[in-house]
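Visitor: Please take me through this entry, one topic at a time.

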Amino acid sequence: MLVRAEETTGTPAGAPAAARRQGGGATFLWLLAAMVAVGVVAPFFAYPVFLMKVLCFALFACAFNLLIGYVGLLSFGHAMFFGGAAYVCGYGIKTLGLTPELGILAGMAFAGLLGTAVGWLAIRRQGIYFAMVTLALAQMFFFFCLQTPFTGGEDGIQAIPRRPLFGVIPTTDDTVLYFIVLALFLAAFLLIYRIVHSPFGQVLKAIRENEPRAISLGYRVERYKLLAFVLSATLAGMAGAMKTVVFQLASLTDVAWQMSGEVVLMTLVGGMGTVFGPVVGAGIIVAMQNYLSGIGEWVLVTQGVVFVAAVLLFRRGVVGEIAALVKRLRARGEG
Amino acid sequence: MFELIGVPPAVLFGQLLLGLINGAFYAILSLGLAVIFGLLNVINFAHGAQYMMGAFAAWMLLTFAGIPYWAALVVAPVLVGATGIVVERLLLSRIYHLDHLYGLLLTFGLALILEGVFRSQFGSGGQPYPNPLPGGQNLGFMFLPNYRAWVVVLSLVVCLGTWFMIERTKLGSYLRAATERPDLVQAFGVNVPRMITLTYGFGVGLAALAGVLAAPIYQVSPLMGSNLIIVVFAVVVIGGMGSILGSIVTGFGLGLIEGLTKVFYPEASNTVVFVIMAIVLLIKPAGLFGTAK
């Protein structure tokens with residue numbers, strides 16, 4: 001099975017369950033507070049559009065991580081939910097005149113429906129087959145987007161207006177929009193945390209650890225997997241729709257398979273199966289793309305090298321390795 | 001000239017031939033994937049990039065060294081296969097004890113590196129490669145270009161040869177045994193790690209051979225592999241990964257179906273393979289020739 005860190009809590013495995021839960025909760029709250037603080041202060045130091053890009057991809061990676069980190073399913077086709085929702089949201093806002101919140105909801109609804117169909121097909125296979133099936137279906141969706149008229153083909157949907165949120169809050173100012181995106185991201189992030197730490201999330205982890213045992217305990221594994229897939233797809237759709245509102249653009253890049261690869265990379269670098277890993281990973285990869293854009297095609301090479309290095313050297317990801325280090329230090333301190 | 005279901009026969013057979021040629025590439029590539037997967041348990045995501053390297057190797061041999069197509073047909077797969085051996089020794093051999101998914105991720109990273117290097121050296125545009133077998137035969141109902149006939153014949157020979165080697169020879173029986181119980185085969189004195197290394201080299205060589213075959217037909221471009229590999233993955237899912245024969249039959253069959261779709265409903269020709277994959281998954285999740293695991 002995939003390596004994973006104990007949810008970034010860093011408490012020793014021997015501690016009583018109740019204390020561990022409490023300790024984990026406290027660590028989580030501190031880290032969450034730190035993340036919110038960084039999020040609030042950040043626009044005064046960095047370009048808000050760049051930060052919004054990080055947030056959109058962080059949410060995308062968190063949604064992806066819900067599947068790989070907690071159910072052990074590697075989806076290589078998540079771009080179809082991200083990009084599909086981006087198109088639906090863009091079309092809704094530009095052509096149908098929807099407000100941003102309705103556009104995002106429409107995108108999420110579409111991603112959820114698409115996720116139901118794709119998930120229903122894909123969970124028939126496991127492991128690498130699952131990865132290949134999702135990749136192939138995403139490629140089919142890519143060709144669909146290339147040919148259907150409403151996506152604008154090679155041009156995509158451009159110049160999507162930034163309408164006021166709920167019809168009143170202006171979104172044309174980047175800093176204002178940044179705080180809206182931050183709020184949406186935090187809401188979705190907490191939702192994912194809640195899902196993972198609910199009884200439902202416990203069942204998902206049980207399936208990841210030992211699927212035959214979960215079946216023998218009477219859990220209808222297929223349903224749990226499908227629901228997790230749909231949730232992940234919907235949240236990935238939310239990320240894509242938010243990205244459309246921010247960049248006023250939905251294009252083929254969003255549905256291309258390279259996008260699916262990027263989200264895998266972000267999660268892998270940050271740490272699969274950790275709560276904060278995907279956020280850190282998204283920050284690293286988006287920053288890398290931003291600052292390395294001058295070297296042209298070598299960005300691709302750099303990404304590939306990071307991929308290989310992550311698999312060979314730090315499979316737990318940045319956050320996972322730090323958590324493991326903290327855990328080791330604490331164990332030594334107590335022992 | 002008669003008409004067949006409202007389509008001129010020259011068009012129909014022309015597309016069927018194109019389909020057969022695409023099918024030949026699908027078959028060789030999914031065969032290479034199956035051979036590698038069988039022994040290494042790794043889905044070689046870099047397969048498309050290695051196919052592209054094969055085409056580039058042929059092009060570079062011709063452009064920089066003047067080595068013609070017929071020699072490249074042997075030299076290029078050997079060279080690219082050798083890079084595969086290096087990759088296996090340096091990288092892949094370190095992750096066999098891990099989940100299959102890491103093999104997929106590692107080779108995906110490798111594919112990005114290869115594609116990026118070739119793109120930065122040669123740009124995204126294609127390089128032409130001269131046709132070594134110009135001309136063709138007029139069969140009465142259609143025109144058959146010589147080179148395309150050669151591609152279909154050679155790929156059939158290679159596919160059946162590989163099938164024969166694996167299913168009917170002693171070496172093949174070692175391979176199949178090592179797939180089941182590597183520890184036991186090792187105990188009988190077979191050098192399993194070396195066999196794994198050579199198998200990866202062979203699989204990569206197969207991909208490169210497909211690349212050399214493709215060079216005179218398609219443009220030699222850094223993108224040629226990444227677009228093809230996903231269709232090949234769909235072929236693999238449809239055929240079922242366990243079976244050598246499955247990859248060959250499914251590869252050619254799907255190429256033909258794609259060709260037919262181009263004649264009757266061109267809009268769907270890009271997606272028909274994936275639609276078939278969805279249908280097959282509904283009916284037989286393990287694939288047409290696969291065994292449920």
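Visitor: How much of residues 230-257 of chain B is helix, and how far apart are the end C-alpha atoms?
Guide: That stretch of chain B is 86% helix and 0% strand, with its end C-alpha atoms 17 Å apart. Helices (H or I, at least four residues) and strands (E, at least two) are DSSP runs, numbered from the N terminus. This is a predicted model, in which local features need pLDDT of at least 70 and side-chain atom pairs count only at 80 or more, while totals for chains, interfaces and linings use all residues. Residues are numbered from 1 along each chain as its sequence is written, chains are lettered from A and ligands numbered from 1 in the order written, and side-chain values use heavy atoms, without hydrogens and water.

Visitor: And what of residues 147-166 in chain B?
Guide: Residues 147-166 of chain B are 100% helix and 0% strand, and 28 Å separates the end C-alpha atoms.

Visitor: How many helices and strands does chain B have?
Guide: Chain B contains 11 helices and two strands. Along the sequence, their order is α-α-α-α-β-β-α-α-α-α-α-α-α. The C-alpha atoms of chain B occupy a box of roughly 65 × 50 × 35 Å along the principal axes.

Visitor: What share of chain B is buried?
Guide: Of the 293 residues in chain B, 56% are buried (under 20% relative accessible area; exposed is over 50% and partly exposed lies in between, with a 1.4 Å probe and protein chains only).

Visitor: Turning to chain A, is α9(A) mostly covered or uncovered?
Guide: Helix α9(A) is mostly covered, with 21 of its 27 residues buried.

Visitor: Which residue pairs with E115(B)?
Guide: The partner of E115(B) is R119(B), with the closest N and O atoms 3.0 Å apart. Both residues sit in helix α4 (residues 100-122) of chain B, four residues apart, or about one turn of the helix. E115(B) is buried, at a relative accessible area of 7%.

Visitor: What about D183(B) and R181(B)?
Guide: D183(B) and R181(B) also form a salt bridge, their closest N and O atoms being 3.2 Å apart. D183(B) is partly exposed at 48% relative accessible area, and R181(B) is partly exposed at 44%.

Visitor: Which residues touch the most other members of the largest nonpolar core?
Guide: They are L74(A), F76(A), F189(A) and L105(B), out of 224 residues in that core. Helix α2 (residues 48-68) of chain A supplies the largest share, 18 residues. A nonpolar core is a set of buried Ala, Val, Leu, Ile, Met, Phe, Trp, Tyr and Cys residues joined through side-chain atoms within 4.5 Å.

Visitor: What is L105(B) in contact with?
Guide: Setting aside neighbours within four places in sequence, L105(B) is in contact (heavy atoms within 4.5 Å) with L74(A), F76(A), V264(A), L268(A), M272(A), F307(A) and V311(A).

Technical notes:
A salt bridge is a side-chain nitrogen of Lys or Arg within 4 Å of a carboxyl oxygen of Asp or Glu.
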